[in-house]
Amino acid sequence: MPFATRAGQSQPLGATVNPSGVNFSLFSQNATQVDLLLFASPLDPAPSQVITIQQPTMFYWHVQVDGLQANTAYAFRVHGPSSPADLTNFGHRFNPNKVLIDPYSRGNIDTLWVAAPSKDNSDNVAQSMRSMVIDDSGYDWEGDTPPNTPLESTVVYELHVRGFTESPSSNVANPGTFSGLIEKLPYIKSLGVTAIELMPVFDFDSKTPKRINPTTGQGLNNYWGYDPICFFAPHAEYCVSPMTSSHVNEFRDLVKAAHKAGLEVILDVVFNHTGEDDQNGPVISFKGIDNSVFYFLQQLDHTYYRGDLTGCPNAVRCNHPAMTKMLTESLSYWVTDMHVDGFRFDLGAVLTLGEDARELEYPPIVWAINLDERFANIKVIVEPFGGDQGDVLGKFPDIRSATWNFQFKNVIRRFVRGDAGLISQVASRLCGSSDIFQQSGYGPHNGISYLACHDGFTLNDVVSYNTKHNEANFEDSGDADNISNNYGVEGPTADPAINSIRERQIRNFLALLFLSQGVPMLLGGDECRRTQQGNNNPYIQDNPISWFDWTLPVMEKDLVAFTAGMIDFRKRHPALSRQTFFTGQVITDGLQDISFHGCNLYQPGFNDPNSRVLAITIADPAGVEHIHAIFNMEFTALPFQLPQLQGRQWFRFADTVLPAPNTIAAPGTEVAITTPSYFASSRSVVILVSKRNP
């Protein structure tokens with residue numbers, strides 16, 4: 001028997017369970033009719049009931065379905081202007097033959113999904129995605145409280161939910177899922193990081209091939225997830241039981257477990273483009289609901305999309321009032337209902353664009369994040385790029401935000417590789433890049449210091465390959481300038497000398513990262529030499545190229561220990577995570593807050609085009625342990641003078657050239673230095689601490 005219906009409410013949008021049934025509301029400014037499709041089963045080829053909504057309130061198409069239960073599958077058909085002139089002049093793509101998921105759904109099912117019928121004029125109901133009515137009330141958070149780690153004390157660990165446990169070597173009960181990741185939280189916690197940054201978990205189309213292997217005919221599907229189709233729904237593939245509408249609670253289980261371990265959860269969100277692609281792409285949701293509202297379109301012919309704004313096939317009109325509402329409510333949902341601790345905004349420059357695709361002085365979505373009390377304690381991380389818009393490094397209009405400092409990555413990679421004449425730039429990057437951030441009123445913690453991320457080589461591949469090897473992608477993609485060095489052999493080698501220098505260079509990178517001001521970010525697996533076999537753009541590689549190999553933490557246990565030791569060292573020395581930039585003032589024991597040296601004290605080679613060395617002394621404001629670090633990237637060993645401090649002695653905490661277990665010392669076991677200079681080996685980092693004489 002059909003369910004009884006009545007007008008219902010225009011707000012909130014989406015499917016809302018109430019005591020009488022379920023209220024549905026959908027925004028479409030230009031639609032003329034909306035049909036709600038209810039399915040007895042998510043896998044039924046046709047709906048069991050179709051409810052026509054003919055009269056909206058404003059632009060909200062709503063209906064109350066009495067007696068309807070949670071876990072019901074549903075979708076929409078949207079009618080509206082559809083002539084060729086409507087498309088060319090206004091960008092309308094209304095087609096009631098296309099079955100559309102709800103932009104506000106909390107979970108979707110794609111078991112029947114085939115993309116091809118969504119691109120033609122046929123009725124694709126039998127091969128469509130479906131949204132699920134999810135009752136997200138009643139979850140037991142068990143008193144969950146966020147860690148609220150201060151930004152300056154944060155250490156970020158970037159990972160891919162599926163790739164982290166999909167390998168059989170993970171030995172988890174449910175590989176590739178939120179549940180599988182929960183099993184690996186103790187390992188992540190043991191490193192000392194404070195936050196996990198999850199590559200996109202919003203629902204995306206992981207079934208449709210992006211490219212085809214011309215040899216095997218096998219499809220290469222979207223693995224990374226940077227093509228969202230819904231901003232509220234956890235990706236179904238990351239759930240153990242999505243057919244029972246478990247999406248929300250399985251993700252909540254992960255957040256709750258992370259918080260119990262003292263780890264924050266930061267989501268990598270993509271608000272700049274969607275998985276519906278350009279005019280040739282599938283019609284999944286936004287295109288069919290109100291294309292001209294949701295996307296930037298070409299001015300002369302609205303058939304086409306503004307891909308230039310993102311470098312992707314389309315661009316979302318982030319600051320259109322309807323989109324501002326949706327994106328703000330999405331963020332609020334993930335913070336309030338899902339307890340996440342922050343967001344990393346992909347291609348963040350696009351968030352600042354207005355209706356004319358030009359930068360706004362007060363972009364609404366950015367100011368909503370700034371001013372809304374719901375976001376008062378979250379972390380805001382920004383990727384500074386955005387298509388042809390240039391970058392917003394040091395200029396993103398949110399004083400709390402921390403921006404991915406790609407200048408740090410580029411300069412430190414060149415320095416460790418052995419490029420000369422970079423000393424002043426290296427000093428600036430180590431000190432938090434005041435040349436980038438200070439003039440806008442930001443501090444060191446407004447920069448994310450990183451050496452590798454999902455885009456590009458892993459840290460192992462930075463020291464193993466001279467060029468990218470993306471042949472498995474069957475396309476010429478990925479950055480050509482990886483700022484890398486293979487040290488004599490391209491890729492894996494049995495040569496012990498080459499392997500030795502590669503391992504040392506990785507330790508050098510990690511030492512520089514965790515000695516630097518700013519918020520450090522570690523790419524998951526860099527602590528154990530995870531490789532992508534030279535692929536610097538494995539966005540379609542859902543296979544061992546991308547998966548975390550869990551034999552590596554055992555094989556590379558010394559590097560894992562070195563990484564954890566460096567993170568612990570950083571935590572024990574607050575002078576490495578300042579909220580303000582160094583000023584050069586003397587603070588204790590006659591030391592400036594920071595001073596720079598070359599091989600000779602106070603003689604850094606800032607203007608020496610041939611120099612590859614730098615040493616720094618960082619004073620401990622509390623006077624407990626001062627730090628002296630030596631960075632010798634020359635190809636020969638060199639003596640470095642040490643500051644002589646009355647009543648104190650220098651002790652060696654780390655020397656990256658020494659074999660384990662002497663590479664790094666546990667607190668209290670540092671080795672005393674009795675000479676006025678330290679002989680630093682070529683391509684090495686040495687870290688000393690001063691202790692008061694007994």
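Here is a guided walk through this predicted model, from its open spaces and cores to its sheets and some local backbone details. Residues are numbered from 1 along each chain as its sequence is written, and side-chain values use heavy atoms, without hydrogens or water. Because the model is predicted, local features need pLDDT of at least 70 and side-chain atom pairs count only at pLDDT 80 or more, while totals for chains, interfaces and linings use all residues.

Let's begin with the empty space. Rolling a probe the size of a water molecule over the atoms shows where such space is left. The search runs on a 1 Å grid over the protein atoms alone: a cavity is a set of points where a 1.4 Å probe fits but cannot get out, a pocket is an open set with protein on both sides within 12 Å along at least five of seven lines, and lining residues have an atom within 4 Å of a point. Grid points are joined across faces, edges and corners, and a volume is the space filled by probe spheres set on the points.

The largest pocket has a volume of about 1200 Å³. It is lined by 45 residues, and those closest to its centre are Trp224, Cys312, Asp455, Asn537 and Tyr539. Helices (H or I, at least four residues) and strands (E, at least two) are DSSP runs, numbered from the N terminus. With those labels in hand, you can find β12 (209–212) and α9 (406–417), each of which supplies at least two residues of the pocket lining. The largest share, 4 residues, comes from α9. By class, the lining of this pocket has 15 nonpolar, 15 polar and 15 charged residues; here Ala, Val, Leu, Ile, Met, Phe, Trp, Tyr, Cys and Pro count as nonpolar, Asp, Glu, Lys and Arg as charged, and the others, Gly among them, as polar.

The structure holds 4 cavities of 30 Å³ or more. The largest cavity, with a volume of about 170 Å³, has 17 lining residues, and the closest to its centre are His160, Met199, Tyr223, Arg530 and Ser546. Both β10 (156–159) and α2 (161–165) supply at least two residues of this lining, which divides into 9 nonpolar, 6 polar and 2 charged residues. The second largest cavity has a volume of about 60 Å³, and its lining is made up of Leu13, Phe27, Tyr60, Tyr104, Phe294, Ala322, Lys325 and Met326. Helix α7 (residues 321–336) gives the largest share of that lining, 3 residues.

What about the packed interior? In soluble globular proteins, nonpolar side chains tend to be buried together. A nonpolar core is a set of buried Ala, Val, Leu, Ile, Met, Phe, Trp, Tyr and Cys residues joined through side-chain atoms within 4.5 Å, where buried means under 20% relative accessible area, exposed over 50% and partly exposed in between (1.4 Å probe, protein chains only). The largest nonpolar core has 166 residues, and Phe24, Ile188, Leu198 and Leu267 have the most contacts inside it. Helix α13 (residues 496–515) contributes the largest share of this core, 10 residues. Apart from it lies another core, of 18 residues, including Ile381, Ile448, Val519 and Phe581. To look around Ile188, leave aside its neighbours within four places in sequence: it is in contact (heavy atoms within 4.5 Å) with Tyr157, Leu159, Phe164, Leu181, Val193, Ile196 and Leu263.

On to the strands, which pair if DSSP finds at least two bridges between them. An open sheet of 5 strands runs in the order β5-β4-β7-β9-β8, with antiparallel pairing. Its edge strands, β5 (49–53) and β8 (108–109), each pair on one side only. β8 joins strand β9 (residues 130–132) over 2 antiparallel bridges, and Ile109 has Arg130 as its bridge partner in β9. Elsewhere, strand β25 (residues 638–641) and β28 pair in the antiparallel sense over 4 bridges. In β28 (residues 677–680), Tyr678 and Ala680 form the covered face, and Ser677 and Phe679 the uncovered one.

Finally, some backbone details. Most residues other than glycine have a negative phi, and most peptide bonds are trans. The peptide bond from Gln11 to Pro12 is cis, with omega near 0 degrees, and Pro12 sits in the loop between β1 (4–6) and β2 (14–18). Met58 has a positive phi, near 55 degrees, and lies in the loop between β5 and β6 (60–66). At 64% relative accessibility, Met58 counts as exposed.
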